[in-house]
Amino acid sequence: MARAYPSDKIKSPVHLSIGQEAASVGVCAALEPEDVVFGTYRCHALYLAKGGDLKAMIAELYGKVTGCARGKGGSMHLIGTEVGMHGASAVVGTTIANAIGHAYALKYQKKNALVVSFFGDGATEEGVFGESLNFAVLKQLPIIFVCENNQYAIHTHQSRRQGKPNVCARAEAYGIPAERIEHGDVLYLYERIKALAPKVRGGGPHFLEVMTYRWQEHVGPNRDFQLGYRTEDEMHPWVENDQVDRLKHMVDGPRRAKLEEEVEEEIAAAFAFAESSPVPPAEELYADIFKESHS
Amino acid sequence: MTTPATSSAASAASRLLKGGTLNGERTLSYVDAVREATDQEMSRDPSVIIFGLDVDDPKAIQGTTKGLLEKHGPQRVFGTPLSEDAMTGAAIGMALAGLRPIHVHIRMDFLMLAMNQLVNVASKSHYMYGGKVCIPMVVRSMIGKSWGQGAQHSQGLYSFLMHIPGLKVVAPTTPYDAKGCLLAAIRDDNPVMFVEHRILHFQKGPVPDKPYVVSPGKARVTAAGTDITLVGISYMQVECLRAKAYLEDIGIKAEVIDPIWLSPLDTETISHSVEKTGKLMVVDNGWVCCGAGTEILAQVTERLQGKRDFRVKRLGFAPVTCPTSPSLEDAFYPNARTIAAAARDMVEGKPTGWLPEEKAELQSIVFKGPF
């Protein structure tokens, strides 16, 4: 995507997940299809990890009618209700509240499913964060809160935004068991969710702070170390500890080569699909303002 | 059952002036009409749930939620933490999961804490996600007036919400419309802002006991006339009907219209009346600048300009913060007499200096505290 971006065919501001994939993958691999996730504007990894269709995602970024939101949502609002991906917001913290509501409904409907609410460290500064945690405890909702802590809200470090930068302590203050996973270890995260899920499905929230690091700029395809707000040295250990690379080396040579070839083919096919898909026709501008009701 | 916005129901608003029973029809208060609509829908559809600050407390939102907890249980009827933002977001999440939540705000002013979820998520999700999801939710909110309600208990802020595509807004005046509109709102697959006026809560009027809907996008002519069209929004509908009575004394026949649904707005019914009368006065239960009345006037003007000469006038809150002292508060709101005076000036095409002598039977409703 970063390579395709300069072509200007992607008609949407992209907040790339590169470097942060492990949080989405580790969590979603441990979920059941009927489990539900809500995300942030940095939602590409989450959408794909939950099983979202790659073709529909690239087409959405291209503004094509075959996109997952018919070319009307763009990169920041990927959706795949058929796989339990229930949306993402450009406004920080917003979907945390939607996630608790969904969890309340699942409990009321007596469904054996859970909700995972993904958000960043910046969201923990929003009022809706505290309000939502309080309600989740009060109603003992089946929800896992996952704070993907990449330490930066755009260009501002957590230590410059939080008087006490201890996110887990805040969750615990509301009465939610919380734990911090230091190195973004994808397999450890998977095991933790596997272990937690049955308990959470029975009711009662859990909180995970997953440390991670964004390699690219906040929005756009490039690196941004020239801005001076962070250093390449800071990123270095995260590149060394790259979970994609780690998994890759756990697969033996011939199988890995075959997998890589398949993935490359799938990506090429998705871009070709997006390229060849039509843009929404003019009448689509006025479609889906309201859902037709039948009372 | 869909009731056309005419005929027997048309006189319902007029009866606000009189109250009581007419032709043996059952009468209910606005409060009881809201409660009955909620109860009937909750009984019909287990996906309907209701919550908000104080919904399950002994006062039960002026009685509008009374008895619902006992009948439908604490999972479907509950008071919430003081978290308007998250609870609005939660309502959206519930709607995404297939429920039909009703979120209650005892004051419309408190909605300001929930604007992100209302404007950025509830209104936009159906469109922004290409029709993949819908948000069937109702947000009830109440406007206060008099007895020192003051700056933050008195605002009619629905015009903010009319601005937003994807959100419906309704402000019923009569018990009949309160029940029919709330049923329609609950059954609607889109977010609906349901605006109640506290002064209207204890007004009585005929309400059929069976479920019925008053569908979005249809205004009602509440009193016929030929000389001027008065459009009164929410509580100002009552003041317009009283103004009509004052105007009759001097031989002016006002036609009064209740838009009922502010979004979608029925400009056709209003334009049709203005074509006849040539004069349009909109009396808003909010500020004039960028208000609902201003929008109504603009839409009617666009339809009728070049077709017919007509005059327009807007009335609404004084362009100040609502004060608490009665001497100032009285001047803050339009009332039947000031509406009648402005209407006469329009009809005669000149300032007449006339202000009708107050009649006891047309006095504003005296509101007693503590709310």
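Reader: Which side chain does B:R220 meet in a salt bridge?

Author: Happy to start there, keeping in mind that this is a predicted model. The partner is B:D177, and the nitrogen-to-oxygen distance is 2.5 Å.

Reader: How is chain B divided into domains?

Author: The assignment gives domain 1 as residues 20-206 and domain 2 as residues 220-362. Their C-alpha centres lie 27 Å apart. The contact draws 31 residues from domain 1 of chain B and 27 residues from domain 2 of chain B.

Reader: How much area do domain 1 of chain B and domain 2 of chain B bury between them?

Author: First the general idea: the size of an interface is often expressed as the accessible area lost when the parts come together. Here, domain 1 and domain 2 of chain B bury about 2,300 Å² between them, with 63% of it on carbon and sulfur atoms. On the domain 1 side, B:K145, B:Y158 and B:M162 supply 24% of the area buried against domain 2 of chain B, more than any other three residues.

Reader: How many salt bridges and how many residue pairs in polar contact are found between the two domains of chain B?

Author: The rule finds one salt bridge across the interface, and the count of residue pairs in polar contact is 11.

Reader: Which element gives the most to the side of domain 1 of chain B that touches domain 2 of chain B?

Author: That is α8(B), with four residues. By class, this side of domain 1 of chain B has 17 nonpolar, 11 polar and three charged residues.

How values were computed: Residues are numbered from 1 along each chain as its sequence is written. Chains are lettered from A and ligands numbered from 1 in the order in which they are written. This is a predicted model: local features need pLDDT of at least 70, side-chain atom pairs count only at pLDDT 80 or more; totals for chains, interfaces and linings use all residues. Side-chain values use heavy atoms; hydrogens and water are left out. Domain bounds come from an automatic or database domain assignment. Contact means heavy atoms within 4.5 Å. Buried area is the accessible area (1.4 Å probe) that two parts lose on being put together, summed over both. A salt bridge is a side-chain nitrogen of Lys or Arg within 4 Å of a carboxyl oxygen of Asp or Glu. A polar contact is a pair of N or O atoms within 3.5 Å; within protein, one must be able to donate a hydrogen and the other to accept it, and residues adjacent in sequence count only if both atoms are side-chain atoms. Helices (H or I, at least four residues) and strands (E, at least two) are DSSP runs, numbered from the N terminus. Ala, Val, Leu, Ile, Met, Phe, Trp, Tyr, Cys and Pro count as nonpolar, Asp, Glu, Lys and Arg as charged, and the others, Gly among them, as polar.
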